[in-house]
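Morning, everyone. Please bring up the model on your screens.

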Amino acid sequence: MSGPVIALVTSAGGGPDRASLEALTVARQIAAATGSPVEAIVVAERSSAGGAAASLAGLGVARAIVVEDDRLTPDHPDGWAAAVAQVAETRATSAIVGPGTERGNDLLARVAARLDLPMAANCLTVEPGATWAISRQRWAGSLIEDCRLTARIKVLTIAPNTVAAGAPDGGAAPAVESVPVTLTDADLAVHVTGREAPERGKISLTDAKVVVGGGRGVGSGEGFAELEELASLLGGAVGGSRVVTSAGWRPHADQIGQTGLRIAPDVYIACGISGAIQHIVGCKAAKHIVAINTDAEAPIMGVADYAVIGDQIRRRSPVRA
Amino acid sequence: MNILVCVKRVPATGGRIVLTPDGTDIDTRYLGFTVSPHEECAVEEAVRIVEGRGGSTTVLTLGPAAAEDQLRDAMAIGIERAILLETDGRDWDPVATARAIVEAIRAQESANGPFDLILFGNESADSGGFQVGIRVAAALGRPVVTGIKSLAPGEGSVVARREAAGGGWETFELPLPAVVSVKEGINLPRYPSVPGRLRARKKEIERSTPAWQSGGLDKVVLRLPATETTQAEVLGRGAEAAPAVVDLLTRIGVLGR
Ligand SMILES: Cc1cc2nc3c(=O)[nH]c(=O)nc-3n(C[C@H](O)[C@H](O)[C@H](O)COP(=O)(O)OP(=O)(O)OC[C@H]3O[C@@H](n4cnc5c(N)ncnc54)[C@H](O)[C@@H]3O)c2cc1C
């Protein structure tokens, strides 16, 4: 019936990243509802495009589109935006669907801006129709907006970790189609000019199995020594609320929440943290939450599994006591 | 260097969001207002750059008359000029917002000369569209990068760094004029001084009222996600809780591994 749904696939460590596979699942639902095929554009070096296409086997992708320009690397956001926009225009595309990651949102916003189309970022559900009914995240997921999208081509990103990525069904790898695009020098002007490797050795907050978080209730930067001790006993890492990073008690890199990190440890121990929604969106994926707070009525108690009612400052770390 | 910073007034919701009875908005009757931490950092960055190398700073917002407060907050820490694109308080989608901002920038630039750098927060705190800065840059034909956590302007160009997708950092070098969306952590914003606040209160604000027009993405209703609220099991009070905590940590396998 209508033109293809284009799935934008970004990669990590040689294969499609998880958020892209989740977005691909939604692209497939849209394609089924509109009676159209799914075509994938994999953001990868041209030389690795074959492998990238093969990695989409069994995921319902009819064609993998390879952009014919050797100058284009994943480090050229405008170059990719130009390529995706051109492919979409020439194929009567009904929708472009990508991951709601930093990179996915950046890239598809560039595509939407070029084509003068609206874009719905971090969508949760999509129902095609005369106008499309969409629900999407606001406040980093603390609030949901039901909205309508009216556009020639629907540009959507899918909120990560909200849709289960479909498992491959044993089907064949998509056919690879090489598509020429015209990229100007201006399209290639913005590009990554340097890289620094991640710091080694330190347990990162996003990988730690145990995170000990401190808030205003910790009282001071020095107060964190006790949290550090508890974290090291448990082989974990220390994080905090925005209050403690704004006060300079901890660096911003330790901030958990809407404008900081999203963590998903086995246990999150929140000490002297009230549980503002902007903090909770960063830690709600923890398997267990333990709250230590003087206030038994603090909002954190509504998300915590376990609580210790008490004074963070005058307590000794529980494991040592 | 002439710098423009764009910010958005949002309610400072605390532990819980309460919606209006018709569900189309957050009930803000008992709430204060603020801007995203990303935008606070954009304001601080603009002030620092101009303190270091001279130039001018301007803050702009599209929002209701009351968004004047957020403009004055920015002037209290050192932004010189402020522009309010006044709305009747309804939501403007990213396309409509970007259009109005582009028009205002064009008018400003033809009167006062170009902005070398236009700063945005990476995404607005409330609607989180991740796109207004990119749209403004595209309309003006300027390079743009997002997610920036360090910025070093030089002669005719700016070096911008952000965290890479797989960890580590990546660097961009953009010719000026350019557009940059920044994230919290790029700096630690200062607190406004009392004289700063007093000065800001007396400053003029340039106003205009752009006409609303849908950009194609229209809010229908808001709802709260279906989250199970837990009833936390109280392990104890103060130090007496220690054995229960040790027990719990052992049970869930993070202690004594
Ligand atoms: C757009 C936006 C984005 C934001 N992004 C983030 C973000 O990414 N991360 C984030 O954390 N916040 C963020 N915030 C801020 C957030 O709204 C809260 O202000 C912040 O999380 C509160 O931090 P807190 O819990 O440490 O402090 P408070 O809310 O002040 O809570 C302190 C808690 O400590 C308890 N307490 C006090 N003394 C003791 C003691 N001696 N022992 C034990 N408990 C004690 C109190 O009962 C209270 O519950 C954002 C806000 C906005 C508007």
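Let's start with a length check. Helix α4 of chain A, residues 102-115, has 14 residues; at 1.5 Å a residue they should span 20 Å, and the end C-alpha atoms are 20 Å apart, so the two agree. Keep in mind that this is a predicted model.

How much of α4(A) is covered? Mostly covered is the answer: 11 of its 14 residues are buried. Among them are G104(A), N105(A), D106(A) and R110(A), along with L107(A), L108(A) and V111(A). After the helix comes D116(A), with a positive phi near 55°.

Next, strand β8 of chain A, residues 143-149. Why call this strand largely enclosed by the rest of the structure? Because 5 of its 7 residues are buried.

Now its partners. Strand β7 of chain A, residues 132-138, runs antiparallel to β8(A), and 7 bridges join the two. In that pairing, R138(A) sits opposite L143(A). The hairpin has 4 residues between the strands, and W139(A) takes a positive phi there, near 45°.

The other partner I want to show is in chain B. Strand β12 of chain B, residues 217-223, is antiparallel to β8(A), with 6 bridges joining them. Look for C147(A) opposite K219(B).

R223(B) forms a salt bridge with D146(A); the closest N and O atoms are 2.8 Å apart. How many salt bridges does the rule find across the interface of chain A and chain B? It finds 7.

Zoom out to the whole interface. On the chain A side, 75 residues are in contact with 85 residues of chain B. The size of an interface is often given as the accessible area lost when the parts come together. Here the two chains bury about 6,300 Å² between them, and 56% of that is on carbon and sulfur atoms.

Last stop, the nonpolar cores. Which residues touch the most other members of the largest core? I96(A) and I118(B) do, out of 56 residues. Helix α3 of chain A, residues 77-90, gives the most to this core: 8 residues. Apart from it lies another core, of 39 residues, including V190(A), L174(B), V182(B) and I205(B).

One more look at I118(B). Leaving aside residues up to four places away in sequence, I118(B) touches L4(B), C6(B), I105(B), L140(B), R142(B), A178(B), V179(B) and V180(B).

That's my tour. Over to you.

Methods:
Residues numbered from 1 in each chain as written. Chains lettered and ligands numbered in written order. Predicted model: local features only at pLDDT ≥ 70, side-chain atom pairs only at ≥ 80, totals over all residues. Heavy atoms only, no water. Buried < 20%, exposed > 50% of the residue type's maximum accessible area, 1.4 Å probe, protein only. Pairing = 2+ DSSP bridges. Core = buried A, V, L, I, M, F, W, Y, C linked by side-chain atoms within 4.5 Å. Contact = heavy atoms within 4.5 Å. Expected span 1.5 Å × (residues − 1). Buried area = accessible area lost by both parts, 1.4 Å probe. Salt bridge = Lys/Arg side-chain N within 4 Å of Asp/Glu carboxyl O.
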